[in-house]
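Hi,

Here is the structure I promised to pass on. Have a look at it first, and then read my notes below.

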Amino acid sequence: MTEMVYGSMPSRATEPVLSRWWRTIDKWSMAAIVLLFGIGLLLGLAASVPLAQRNGLDSFYYVQRQAIFGFMAMGAMVLVSMMPPVMVRRFAVLGFAASMVALLALPFIGSDFGKGAVRWISLGFASFQPSEFLKPFYIVVIAWLMAAAQDLNGPPGKTLSLVLTLVIVALLASQPDFGQTALVLFGWGVVYFVAGAPMLLIIVVIGIVGAGGFLAYNSSEHFARRIDGFLTPDVDPRTQIGYATNAIQEGGFFGVGVGEGQVKWSLPDAHTDFIIAVAAEEYGLILVLTIIALYAVVVVRSLHRLTRERDPFIRLSGTGLACIFGVQAMVNMGVAVRLLPAKGMTLPFVSYGGSSVIAAGITAGALLAMTRARPQGAMGDIFRRRR
């Protein structure tokens, strides 16, 4: 659709693929992503040692695994970012189908690993979380449906995307995984809003989400416990939130020093969901602000480049991917400073976890592919074609 409507991306007759990719990619965003991954490895050197010792493993066992996952993620990011949008869409459709099959299979072959939520499928030598891989594929698929709905005599893409979303929400809530459920709903809302949603419908959807939250609070002890803990003015210092809050306060502006932090010995999820507490305690506010700035570079630059994009599919999918990438980071850090209720959500590229890091690589690759420089019919594009 992209090529049919607006023409193919300009290319120099003899320009190699790598050269064209490097010329059109957003290098600032890619550099920010690589730096985030580097910071994740740095923090892993501190945060994962206690976990390795508790499990009787080599001190840097989890750092080595994270490095392997990270290089797989970087490879996935580069490969996906080299694809044209139509190929990203085909890849996403296949990935979405595979992720849905895995999600449907969770009640039968899934595992909770003692965490009270059946979210993982164990392969023996490794495990993976289908919902992490589902997110980027889902965003591209619903963007395709909503873009197709704008065509003359196009399919009812908005309705189909809503049905798809409700099915996924039901599957995620049954695990239960309310964090990913909220992120999926947010992603659908963003894409739907950019596609031109009536305000009345958005208000109705917000009301339904609120009613769903009320229902979940009254029917799920897991959900109610987290909301009650968030609303309670006094923080129990023996809870994860309590440990994280104290660590952030101890860190101050410059931190207590590399390797001197204590929160990693107390927090069971210091290497995953609460990695930002380790960063704040050992490196201080300076590193936290650096991490926030790197996420902001990716999101703001991507959205800015997409404001010039004329193709509806590219604009919708890119916006959705940028927003869920940034919001996931905001939620993770918001939980650590108690601005939000506790959620089992990782910090993209920084938290430990194969599914999280590789899925983040796919998300970033698709986002970079959508934001590559391409002609938009402006006079400057015409002049550049003549050169």
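Let's begin with a definition: two strands pair if DSSP finds at least two bridges between them. Helices (H or I, at least four residues) and strands (E, at least two) are DSSP runs, numbered from the N terminus. Before you use any of this, note that the model is predicted: local features need pLDDT of at least 70, side-chain atom pairs count only at pLDDT 80 or more, and totals for chains, interfaces and linings use all residues. Residues are numbered from 1 along each chain as its sequence is written, and side-chain values use heavy atoms, with hydrogens and water left out.

**The sheet**

Three strands make up an open sheet, with antiparallel pairing and the order E1-E2-E3. Strand E1 (110–111) and strand E3 (127–128) are the edge strands, each pairing on one side only. Strand E2 (residues 120–122) is joined to E3 by two bridges. Ile 121 has Phe 128 in E3 as its bridge partner. As background, strands of a sheet pair through backbone hydrogen bonds, either parallel or antiparallel.

**Around the sheet**

Arg 119 sits in the loop between E1 and E2. Is Arg 119 buried or exposed? Arg 119 has a relative accessible area of 10%, so it is buried (buried means under 20% relative accessible area, exposed over 50%, partly exposed in between, with a 1.4 Å probe and protein chains only). Leaving aside neighbours within four places in sequence, Arg 119 is in contact (heavy atoms within 4.5 Å) with residues including Ser 111, Phe 128, Gln 175, His 222 and Gly 344.

You'll find Gln 175 in the loop between H8 and helix H9 (178–194), and with 9% relative accessibility it counts as buried. Beyond its neighbours within four places in sequence, Gln 175 is in contact with Leu 103, Leu 106, Gly 116, Ala 117, Val 118 and Arg 119. Gln 175 and Ser 317 are 142 residues apart in sequence, and their C-alpha atoms are 27 Å apart in space.

**The core**

A nonpolar core is a set of buried Ala, Val, Leu, Ile, Met, Phe, Trp, Tyr and Cys residues joined through side-chain atoms within 4.5 Å. Which members of the largest one touch the most other members? They are Tyr 138, Ile 291, Tyr 295 and Leu 347, out of 101 residues. Helix H14 (residues 275–306) gives this core its largest share, 15 residues.

Take Tyr 295 as an example: at 4% relative accessibility, it counts as buried. Setting aside neighbours within four places in sequence, Tyr 295 is in contact with Leu 36, Phe 325, Ala 329, Met 333, Leu 347, Pro 348 and Val 350.

**Rings**

Rings of Phe, Tyr and Trp (its six-membered ring) pair if their centres lie within 6.5 Å; planes under 30 degrees apart count as stacked, over 60 as edge-to-face and the rest as tilted. How many aromatic pairs does this rule give? The count is 10. One of them is Phe 37 with Phe 71, an edge-to-face pair at 6.1 Å centre to centre, with 75° between the planes. This pair links distant parts of the chain, 34 residues apart: Phe 37 is in helix H3 (residues 27–47) and Phe 71 in helix H5 (residues 61–81). Phe 37 counts as buried at 6% relative accessibility, whereas Phe 71 is exposed at 58%.

Tyr 295 comes up again here, forming a tilted pair with Phe 325: 5.6 Å centre to centre and 55° between the planes. Tyr 295 lies in helix H14 and Phe 325 in helix H15, so the pair ties together parts that are 30 residues apart in sequence. Phe 325 is buried as well, at 4% relative accessibility. Elsewhere, ring pairs link Tyr 61, Tyr 62, Phe 69 and Tyr 352 into a cluster.

Most residues other than glycine have a negative phi, and most peptide bonds are trans. Asn 153, though not a glycine, has a positive phi near 60°. Asn 153 is in the loop between helix H7 (130–149) and helix H8 (157–173), and counts as exposed at 77% relative accessibility. Arg 338 also has a positive phi, about 65°, without being a glycine. Arg 338 is partly exposed, at 23% relative accessible area.

Enjoy exploring!
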